[in-house]
Each structure stands twice: as structure tokens, then as C-alpha cells.
Amino acid sequence: MLDTSRFDIPRFLTRLPLFGDLDGEQIDHIAAGCALRRLERGEMVFRVGEPCEHFHVVVLGQVKLFVISPGGQEKVIELVGPGQSFAEALVFLGRPCLVNAQVLANSMLLSVARETILSGIQRDGRLALRMLAGLSRRLHGLVHDVQAYALQNGVQRVIGYLLREQGVEDCATGEVVTVSLPVSKATVASRLSLTPEYFSRVLRELEEAGLIEVDKRDIRLLDPAKLAAYPG
């Protein structure tokens with residue numbers, strides 16, 4: 001884990017797409033309203049109903065955004081990794097948290113105060129454009145998820161996750177590509193709105209079809225082109 005006392009917040013901010021175009025004075029202004037947080041695996045960042053006075057950027061580790069159904073079942077909304085942010089929309093709305101956020105590994109977060117972002121936007125309109133772009137990307141991702149849940153069966157969702165969400169863009173090379181699941185299979189299953197049992201069954205089906213090999217969290221895509229064309 002990084003030493004928080006030596007962590008250069010302004011330098012880190014300049015490396016983020018959200019703040020990369022801002023000048024030194026603006027970066028220093030944002031940095032002054034930031035706080036580093038260390039959280040141990042399993043700790044909550046926030047819970048549903050709590051006030052949302054900050055948005056957060058993952059420096060190290062991973063965060064799970066999720067809700068709990070009335071029946072007690074967990075539904076993973078999003079998995080957030082290093083360099084990614086979350087809770088921006090809630091900061092602007094000034095509403096309580098609508099989801100839960102929990103770290104899945106020992107993590108370090110950079111928390112940015114609501115007042116700092118609002119005053120930063122008043123200082124430089126480019127920050128507002130960056131925030132809008134980030135929110136638009138997240139909305140696009142959520143729309144893609146809704147389309148997948150409505151139009152694709154479970155096999156197609158798993159294949160889509162392995163090919164698209166893990167960055168396998170070129171399916172014509174014939175190269176074996178290894179995808180390492182960033183979280184447990186149960187968490188990935190929830191992210192895809194599948195039960196863990198069904199997710200494991202789909203992996204076995206694809207393995208028996210000679211399209212993948214599964215080694216714990218490492219999944220080797222033996223022929224991405226054929227995997228993409230698998231009828232499901």
C-alpha cells in the first residue's frame with residue numbers, strides 16, 4: 001500500500017482524464033479539497049441513505065457498487081478500479097447515496113469534497129465539461145447493460161463480458177488471450193444479473209465447446225473469433 005504521507009495528490013490529479021486539462025492553480029485548488037482514505041478489504045465506503053458529500057477516485061484496489069433487494073439478494077451495479085471515479089452524479093444532485101459502496105481488496109481512495117468541485121467549476125468551465133463527459137460515459141455503460149439484460153441470454157452476456165469488458169478488441173488474430181477476472185466469479189455473475197451457479201455452468205459449456213480454458217480466475221480464450229460467433 002502506498003504511503004499516504006508521501007502521496008503527491010496534485011500530480012495524481014493531473015494524470016486523471018477528469019482533471020488533465022486544468023492549470024496548476026486549479027489543480028492545487030482541487031487538491032486542497034481532497035482527502036486520502038485507506039480501507040481494508042470488506043470496509044464500506046458509504047451505504048444507501050447516507051449523505052453524499054464527496055465523490056471518490058480509486059487510487060489502488062477495487063470498489064463494488066451494489067444494492068440489496070427486499071429479499072436480501074445482492075445485485076452488483078458496477079465494479080470500479082484504479083483511476084476510475086464514482087458517486088459524481090450524487091454529489092451534483094445533493095441527494096443521499098442510492099447504492100452501497102464496498103472495497104473488495106485493501107484499497108486507497110481519493111475523496112473529493114462537493115464544495116471543492118462546485119467552486120472548481122465556477123473557476124474553470126472545462127471541469128464541468130469533463131464531469132459531463134464522465135457522467136455520459138457511465139450512462140452509456142448503464143444503457144448497454146440494460147440492453148444486454150433485455151436482449152441477450154446468459155451465455156451471450158458472459159461472452160460479451162469476456163470479449164468487450166476485458167478489452168479483447170481484435171477477435172481475428174487467433175491468438176490465445178488470457179482474461180483474469182478482477183473479482184470472484186460470484187461477483188462477476190451478479191454484475192451480469194446471473195446466479196453464480198448459472199455463470200459457472202456457462203463457463204463449463206464454453207470450456208466443453210473448446211472455446212475457453214478455466215484456471216480459477218484466469219480464463220484463456222482459445223479462439224476469440226469463434227467465441228464471438230458462438231450461438232449461445
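Modeller: The protein chain exposes about 12,200 Å², of which carbon and sulfur atoms supply 52%; accessible areas come from the Shrake-Rupley method with a 1.4 Å probe, and for residues only the protein chains shown count as cover. This is a predicted model, in which local features need pLDDT of at least 70, side-chain atom pairs count only at pLDDT 80 or more, and totals for chains, interfaces and linings use all residues. Residues are numbered from 1 along each chain as its sequence is written, and side-chain values use heavy atoms, with hydrogens and water left out.

Biologist: How many helices and strands are in the protein chain?

Modeller: The protein chain has nine helices and eleven strands. Both are DSSP runs numbered from the N terminus: helices are H or I with at least four residues, strands E with at least two.

Biologist: Why is strand β8 described as largely enclosed?

Modeller: Buried means under 20% relative accessible area (1.4 Å probe, protein chains only). Seven of the seven residues of β8, residues 107–113, are buried, so the rest of the structure largely encloses this strand.

Biologist: Which way do the residues of β8 point?

Modeller: In a regular strand, side chains alternate between the two faces of the sheet. Here Ser107, Leu109, Ser111 and Ala113 point one way, and Met108, Leu110 and Val112 the other way.

Biologist: Which strand partners does β8 have?

Modeller: Two strands pair if DSSP finds at least two bridges between them. Strand β1 (residues 34–39) runs antiparallel to β8, joined by six bridges; strand β3 (residues 54–60) is also antiparallel to β8, with six bridges. Met108 is the bridge partner of Arg38 and of Leu60.

Methods: Buried < 20%, exposed > 50% of the residue type's maximum accessible area, 1.4 Å probe, protein only.
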